[in-house]
Amino acid sequence: MTKQSPKPDWRMGGITVPEVEDYLYAMLPARDEVLSEMEADAAKNDVPIVGPAVARVLYQFAVISGAKKIFEMGSAIGYSTIWWARAVGEGGRVIYTDGDPKNAEKARHYFDRAGVGKRITIRVGDALEFLSEEKEPYDIIFNDVDKTDYPRVFRLALPHLKSGGLFITDNVLWSGKLRKPNPDAQTKAILEFNKLICGSPTLFTTILPIRDGISVCVKK
Ligand SMILES: C[S@@+](CC[C@H](N)C(=O)[O-])C[C@H]1O[C@@H](n2cnc3c(N)ncnc32)[C@H](O)[C@@H]1O
């Protein structure tokens, strides 16, 4: 009988523990006045923004891929939107979407103060409906809406992405609830979503365990 080689174990262990996360956040460069104020606003008012570590990853993906047209689904007070708008540069376009008009009003002021108001189109209502009406393909679609809608977003977003475009989603590791018994509706939806993006033959997907997990899918 031939001896079976051991199954590779790729785990490192001990990396995404609180002390290491603290270190990562301590290493981040300071944000400008507007972004710092937005971070404080989000903390004070319980607005679940991506925060600076994830925002920098989003910015990098946009810059590396040369994205000029970005559709953001779920924008709240516009924190991630400003990072996208800075990444696309002059002549780029970012679509802000949120269901709450008060968020949009706040976001508009922040955009003007950040000097990126002209690059951003604000749309108030259902992000899925707005995306389904779009005719032109996008370079990046960023998904940060209600988690129960994630499987629906997967089906809807892909036809609106150019070939080589990025479909990026926040919260795909959902505070680790994915590995706990009796998942609730949001957790079930994220589990289904992750299976869809990881199994799709038209996507090349990685999941990055930064903060609450970000998935990055390249459309073939
Ligand atoms: C996690 S927050 C977005 C945070 C933002 N991406 C950031 O990091 O700065 C989610 C937002 O999506 C909005 N939202 C949820 N489902 C939506 C939908 N179907 N259409 C539009 N907005 C939605 C909520 O109102 C909420 O403000």
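In helix H4, the buried residues are Tyr 79, Ser 80, Thr 81, Ile 82, Trp 83, Trp 84, Ala 85, Ala 87 and Val 88. That makes H4 a mostly covered helix, with nine of its 10 residues buried. Please keep in mind that this is a predicted model.

**H4 and its partner H3**

- Helix H3 spans residues 51-65 and H4 spans residues 79-88; their axes come within 9 Å and cross at roughly 30 degrees.
- H3 and H4 are therefore roughly parallel to each other, as angles under 35 degrees count as roughly parallel.
- The crossing of these two helices, H3 and H4, is right-handed.
- On the H3 side, the contact is made by Gly 51, Pro 52, Ala 55, Arg 56, Leu 58, Tyr 59, Ala 62 and Val 63.
- On the H4 side, Tyr 79, Ser 80, Trp 83, Trp 84, Arg 86 and Ala 87 take part in this contact with H3.
- Sorted by class, the contact of H3 with H4 holds 10 nonpolar, two polar and two charged residues.

- Met 38 touches Ile 49, Ile 77, Gly 78, Tyr 79, Ile 82 and Tyr 110, if residues up to four places away in sequence are not counted.

**H2 against H5**

- The axes of H2 and H5 come within 9 Å, and they cross at roughly 155 degrees.
- H2 and H5 are therefore roughly antiparallel to each other, since angles over 145 degrees count that way.
- H2 brings Glu 33, Val 34, Glu 37, Met 38 and Asp 41 to the contact, while H5 brings Lys 106, Tyr 110, Arg 113 and Ala 114.
- The residues of this contact of H2 with H5 divide into four nonpolar, no polar and five charged.

**Asn 103 in H5**

- Asn 103 lies in helix H5.
- With a relative accessible area of 17%, Asn 103 is buried, because buried means under 20%.
- Leaving aside neighbours within four places in sequence, Asn 103 is in contact with Ala 76, Ile 77, Tyr 96 and Asp 98.

- The buried residues of H7 are Tyr 150, Pro 151, Val 153, Phe 154, Leu 156 and Ala 157.
- These buried residues of H7 pack against strand S1 (69-73), helix H6 (127-133), S4, S5, H8 and strand S6 (203-208).

**Lys 195 in H8**

- Lys 195 lies in helix H8, which covers residues 185-199.
- Lys 195 has a relative accessible area of 70% and is therefore exposed, the cut-off being over 50%.
- From Lys 195 to Leu 158 there are 37 residues in sequence and 15 Å in space, C-alpha to C-alpha.

Methods: Residues numbered from 1 in each chain as written. Predicted model: local features only at pLDDT ≥ 70, side-chain atom pairs only at ≥ 80, totals over all residues. Heavy atoms only, no water. Axes fitted to C-alpha atoms, helices over the stretch in contact; angles between N-to-C directions. Helix = DSSP H or I, 4+ residues; strand = E, 2+ residues; numbered from the N terminus. Parallel < 35°, antiparallel > 145°, perpendicular 65-115°, else oblique. Left-handed = near helix turned anticlockwise from the far one by under 90°. Contact = heavy atoms within 4.5 Å. Nonpolar A, V, L, I, M, F, W, Y, C, P; charged D, E, K, R; others polar. Buried < 20%, exposed > 50% of the residue type's maximum accessible area, 1.4 Å probe, protein only.
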